[in-house]
Amino acid sequence: MRPAAFITGITGMAVVAGLLLAGEARLGGGTAGEETASAEETVTAAADAAPKAGERATMSDDRAEMIARSVEPTAPPSQAPSDGVAPKPAPQQAETPAGETASPATKKAVELARPMVDNAGILSFGERRLQIAGIVPTPVDRICGPAGRQWPCGMMAKTALRLLLRNRSVSCDLETVEWKETVTTACRLGTEDLGAWLAENGWAEPTAGSPLTSAAEKARQAGKGLYGDDPRRN
């Protein structure tokens with residue numbers, strides 16, 4: 001027997017029973033109103049129950065397939081929280097110092113007292129060294145000039161820088177005052193850039209791509225410093 005026919009039979013029996021109870025209530029007299037109401041509630045309850053039971057049976061029958069084909073799929077509704085409180089949006093992750101891109105340390109001008117001159121390009125402060133940026137330090141033992149007219153230009157370059165400084169303080173661009181070993185940076189005596197001074201006077205050659213290249217070339221053409229004669233003979 002099909003489920004739909006079974007449910008229909010039960011519904012019919014319930015309706016018949018309700019009608020019989022209603023008839024007895026009318027014949028009984030005093031309690032007819034209450035029994036009639038009970039009979040009507042029974043019929044109504046049976047009628048309400050039938051579609052629900054029939055719906056479950058129908059959804060499992062061939063009709064369920066027809067309904068599924070005719071209805072377009074829709075997005076499922078968002079699930080409401082069980083406590084009735086609207087869900088809070090997920091907090092955005094705060095940027096932490098660890099997640100930030102590490103920026104290079106900013107250099108600042110630091111005043112350094114009474115530097116020693118190792119050569120024309122390197123200053124020393126105890127065991128620490130500062131190499132002046134933009135130039136190639138001139139070795140102390142460098143010899144310049146043609147054969148028969150050679151002279152110790154490296155020593156003369158060192159002496160020239162030492163006479164410029166005269167144990168005065170210099171200002172150098174540093175990330176920290178606690179640097180170790182040798183650091184290459186720009187240094188100044190007052191407003192005079194030491195690298196530019198060495199290049200312009202021909203006491204040091206520029207590094208590759210240095211902005212001091214043009215100044216060093218002018219010194220070469222003018223025969224200054226390393227590019228000239230022994231200044232002691234003048």
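1. A residue is called buried here when its relative accessible area is under 20%, exposed when over 50%, and partly exposed in between (1.4 Å probe, protein chains only). By that definition, Phe125 and Trp179 are both buried.

2. A friendly word on the basis: this is a predicted model, where local features need pLDDT of at least 70, side-chain atom pairs count only at pLDDT 80 or more, and totals for chains, interfaces and linings use all residues. Residues are numbered from 1 along each chain as its sequence is written, and side-chain values use heavy atoms, with hydrogens and water left out.

3. You will find one aromatic pair in the structure. The ring centres of Phe125 and Trp179 are 6.1 Å apart and the planes meet at 85°, so this pair is edge-to-face (Phe, Tyr and Trp rings, the six-membered one for Trp, pair with centres within 6.5 Å; planes under 30 degrees apart are stacked, over 60 edge-to-face, the rest tilted). Phe125 belongs to strand S3 (residues 122–125), while Trp179 sits 54 residues away in the loop between strand S6 (170–174) and strand S7 (182–185).

4. Trp179 has another neighbour: Arg128 lies over its face, 4.2 Å from the ring centre. The criterion is NZ of Lys or CZ of Arg within 6 Å of the ring centre and within 35 degrees of the ring normal.

5. Now to helix H6 (residues 213–222), whose buried residues are Ala215, Ala216 and Ala219. Down the axis of H6 they fall within an arc of 100°, so they line one face. Lys218 and Gln221 are exposed on the face turned away from that buried side.

How values were computed. Helices (H or I, at least four residues) and strands (E, at least two) are DSSP runs, numbered from the N terminus. The arc is that of the directions from the helix axis to the C-beta atoms.
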